Amino acid sequence: MKRLISLALSATLVLSALPLSARAATGDQTTVQQVVGALGIVTGDASGNLRLTAPVTRAEFAKMLVSASSYKDTVSAAGNASPFKDVPYTHWASSYIKTAVNQGWLTGYLDGSYRPENPVTTAEAATAVLKLLGYTATDFSGSYPYAQMALYRSLKLSEGISAGSTTAMTRQNCMRLFYNLLSVDLKDGSKSYMEQLGYKLDTNGDPDYNALLQSTMDGPVVFTSGNVYGTLGFTPTTVYRNGATATVAALQRYDVLYYSAARGTVWAYSRRITGTYEAATPNKESPTSVKVAGVTYTVDTPSAITQLSTEGGLAIGSSITILLGKDGGIVAAYPASTLTTDFVGLVTAVNKSSYTNADGSTYTAKTLTVLAADGQTYTVPVTTLDSTITTGTLVRATYTNAGASVKYLSKNSLTGKVTTAGVGNYRFADDVNILDIADETGVRVYPSRLAGMTLQNGDVYYYELDTEGKIATLLLGDATGDCYSYGIATQATLNQGETNYTVNYSFLIDGKTTALTTNGTMFTLGTSTGPAKLLLSGGTVTRATKLTELKNVVALTDQTIKSADETHTIWDRAAVYVVRDGIYTQIERSSLSLSAYHVRAYYDDTDANGGRVRVLIATPVT
């Protein structure tokens, strides 16, 4: 009985010296796996299997500790001495065990053994991570492991782990333990353990996975030849290509690769731009940004700087192909003859511009401004121009060493029900480019935006298939309405002249009041006020129509709004306004509820025709 009282008193004394509060990390199991995996602490086997229910041996836990410490890049698997009689220097974990023991995180046994194949217990694991935080034996009194377990629980290191002190830790429990560790402050209170490792916590105090992923991702490298193993030194178990799940077989030559060997993961990007090399900033000797096809790109890698410099041999005025990385910067550059690409788009302007030749002389060329299917606008110099190619024409631009050639494209139509997988009997390619066009304005859209629509004749300007028969490019003709601006006309004044007239509007768009003028055409909106749909060109209105009100709203969710007879999807960029005494105040959609407000919703068309609720106006319930 005296021993129990003594142990309880020891634990109480320890607890009295603990921080007054500790915040538990809140990640779900997927987040836990992602964060701990990104740090290389607990990773899958050669097949990517995490074996979450498997017990963790003392040898395996030694490696986890080292991987979670500042020693992770200084310890090699191969040892040069036997740290314990049962751990020969040839043992796969000998160096990890030696480091963990030398740092005092783990201990051996009195008989000179380490027992590497024994499972690590919760008490052993808890004590080890407390030592990573800076706690030492002098911080504990009484018999092991009561005080250690008390501190482990007080600091919320035990969150999500249901295991007694003598229970063998599973791989899943170890993942959770190290994830919890990252959010806990060091013993001296100076910073969190995550910050000690050189990474960040998010605003909630949890490990910032996105920032961590960026900082632990290696690359970029260009996959130019051979196999992936030859390029990276490992065969990935997880592959993403252009943001979608893919396979190793889907990787193609000249893909830009980022990777994490510890996680067995590759992120691949295939965006290539071919065009005229127009300018280098600050100079051609060491360019930090360059202009290609009228668009300026940053140069992100030393090799790309060399390729685009005087030393690299890619002259100003020549046709080149650039490979873009995950952030849109240039990773590599080649002559167009090495890697020629083309693009499809809509001509939005025909002009003349001055250019510099490869020999440094200047020349003037006809220039097409083309809105391409990737949503980017390019300028294309051409020496001769087919008379059929004018503003509003669909074209294909192709670059060679001789320059750019532009060909007229005839419209082709595609109809059918759209899902996230495809249109009718056609599937979307993983990297499909979809552009919706209204007049000379275009907006890039994605399969998820089109899902549920039925494309009719006239909705599609042009489409083409890749070598696998999947839709690679899809140009829509004002199918979604997303090219427009949506807002509330608060004032409209007709100015009638002798030969012309305009309407001056005051519009509330995205919470800001904007003055707009028509181009001399009377639209269906006329001089009406209220929610409306506008197509703009600069500060001029080229189309203006009223939105339709959804009356008698009976249900509202984050994504939909219902009346007694209709259900409409709310546009992800819909504006929500509260009106009081004629004054509109924009609020977050999450603040909107039918219990607090009378809600009026305004839409442009039905969901099946691509429409959405674009504006919501709320009046407080009194």
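1. Basis. The structure is a predicted model, in which local features need pLDDT of at least 70 and side-chain atom pairs count only at pLDDT 80 or more, while totals for chains, interfaces and linings use all residues. Residues are numbered from 1 along each chain as its sequence is written, and side-chain values use heavy atoms, with hydrogens and water left out.

2. Overall make-up. The protein chain has twelve helices and 34 strands; these are DSSP runs numbered from the N terminus, with at least four residues (H or I) for a helix and at least two (E) for a strand. Its C-alpha trace spans about 105 × 75 × 50 Å along the principal axes.

3. Of the 622 residues, 46% are buried, where buried means under 20% relative accessible area, exposed over 50%, and partly exposed in between (1.4 Å probe, protein chains only). Among contacts (heavy atoms within 4.5 Å) with a separation of 6 or more, 57% are between residues 24 or more positions apart.

4. Charge. The protein chain carries 48 positive and 50 negative side chains, counting Lys and Arg as positive and Asp and Glu as negative, without His or the chain ends. The centres of the two sets lie 5 Å apart, each charge being placed at NZ of Lys, CZ of Arg, CG of Asp or CD of Glu.

5. Helix H9. Tyr-209, Leu-212, Leu-213 and Thr-216 are buried in this helix, which covers residues 209-216. Seen down the axis of H9, the buried residues fall within an arc of 100 degrees, so they line one face of the helix; the arc is that of the directions from the helix axis to the C-beta atoms. Their cover includes helices H2 (29-38) and H8 (193-196), as well as strands S1 (218-223), S4 (255-260) and S5 (265-269).

6. Asp-255. This residue lies in strand S4 and is buried, at 0% relative accessible area. Its side chain makes a polar contact of 2.8 Å with that of Arg-241; such a contact is a pair of N or O atoms within 3.5 Å, where within protein one must be able to donate a hydrogen and the other to accept it, and residues adjacent in sequence count only if both atoms are side-chain atoms. Leaving aside residues up to four places away in sequence, Asp-255 also touches others, including Val-221, Phe-223, Ala-268 and Arg-272.

7. Asn-102. Found in helix H4 (residues 94-102), Asn-102 counts as exposed because its relative accessibility is 57%. Its C-alpha atom is separated by 75 Å from that of Thr-384, 282 residues apart along the chain.
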